[in-house]
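Subject: A protein structure to look through

Dear colleague,

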Amino acid sequence: QVQLVESGGGSVQSGGSLRLSCVASGRIQTIGDMGWYRQPPGKQRELVAIITAGHTTSYVDSVKGRFTISRNNPKSTVSLQLNSLKPEDTAVYYCNGKIIPIGAQMSEYWGQGTQVTVSS
């Protein structure tokens, strides 16, 4: 069974930084696109950043220049560096991956979520 496990959330003041990490484990054949989503309080989940297996990245406009997504393919990890944090970045952040398990079809997997809270 494939699992995504996140770490690194927390509480910071406005302007601070955090680094989120996510590791994929299980019987994995291939990992495709990986990304980070977030769900602010009372709002829908939104895409924050995505990175392909070839390390091509894209970001939602509101985080461009402040957040950086990266991945380590041999270690099956994806990270999100959050700099210059703002109160509106407060949300539960979820790791996402399109993964082909050994002997199975590609499916989309989600982490359990990690809370990021930014105070003004």
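Cys22 and Cys95 form a disulfide, with their sulfur atoms 2.1 Å apart, where a disulfide is taken to be a pair of cysteine sulfur atoms within 2.5 Å. By this rule the count comes to one disulfide. The pair links distant parts of the chain, since Cys22 lies in strand β3 and Cys95 in strand β9 (residues 91-101), 73 residues apart. The torsion about the S-S bond of Cys22 and Cys95 is about -80°, so this disulfide is left-handed. Cys22 counts as buried at 1% relative accessibility, and Cys95 is buried as well, with a relative accessible area of 0%; here buried means under 20% relative accessible area, exposed means over 50%, and partly exposed is in between, with a 1.4 Å probe and protein chains only.

Before going further, please keep in mind that this is a predicted model, in which local features need pLDDT of at least 70 and side-chain atom pairs count only at pLDDT 80 or more, while totals for chains, interfaces and linings use all residues. Residues are numbered from 1 along each chain as its sequence is written, and side-chain values use heavy atoms, with hydrogens and water left out.

Now to the chain as a whole. The protein chain has zero helices and eleven strands, where helices (H or I, at least four residues) and strands (E, at least two) are DSSP runs numbered from the N terminus. The radius of gyration of the protein chain is 14 Å, close to the 14 Å that the globule rule gives for 120 residues, so the chain is as compact as a globular protein of that length; the radius is taken over C-alpha atoms, and the globule rule is 2.2 Å times the number of residues to the power 0.38. Taken along the principal axes, the box that the C-alpha atoms fill is roughly 50 × 25 × 20 Å. Of the 120 residues in the protein chain, 39% are buried. Among the contacts with a separation of 6 or more, 56% are between residues 24 or more positions apart, a contact being heavy atoms within 4.5 Å.

Tyr109 and Asn96 are 13 residues apart in sequence, and their C-alpha atoms are 5.7 Å apart in space.

Ser79 is found in strand β8 (residues 77-82) and counts as buried at 10% relative accessibility. Leaving aside neighbours within four places in sequence, the contacts of Ser79 are Arg19, Leu20, Ser21, Trp36, Thr68, Ile69 and Ser70.

Is Gly15 buried or exposed? At 53% relative accessibility, Gly15 counts as exposed, and its place is in the loop between β2 (10-13) and β3 (18-25). Beyond its neighbours within four places in sequence, Gly15 is in contact with Ser84 and Leu85. From Gly15 to Ile51, 36 residues along the chain, the C-alpha atoms are separated by 25 Å.
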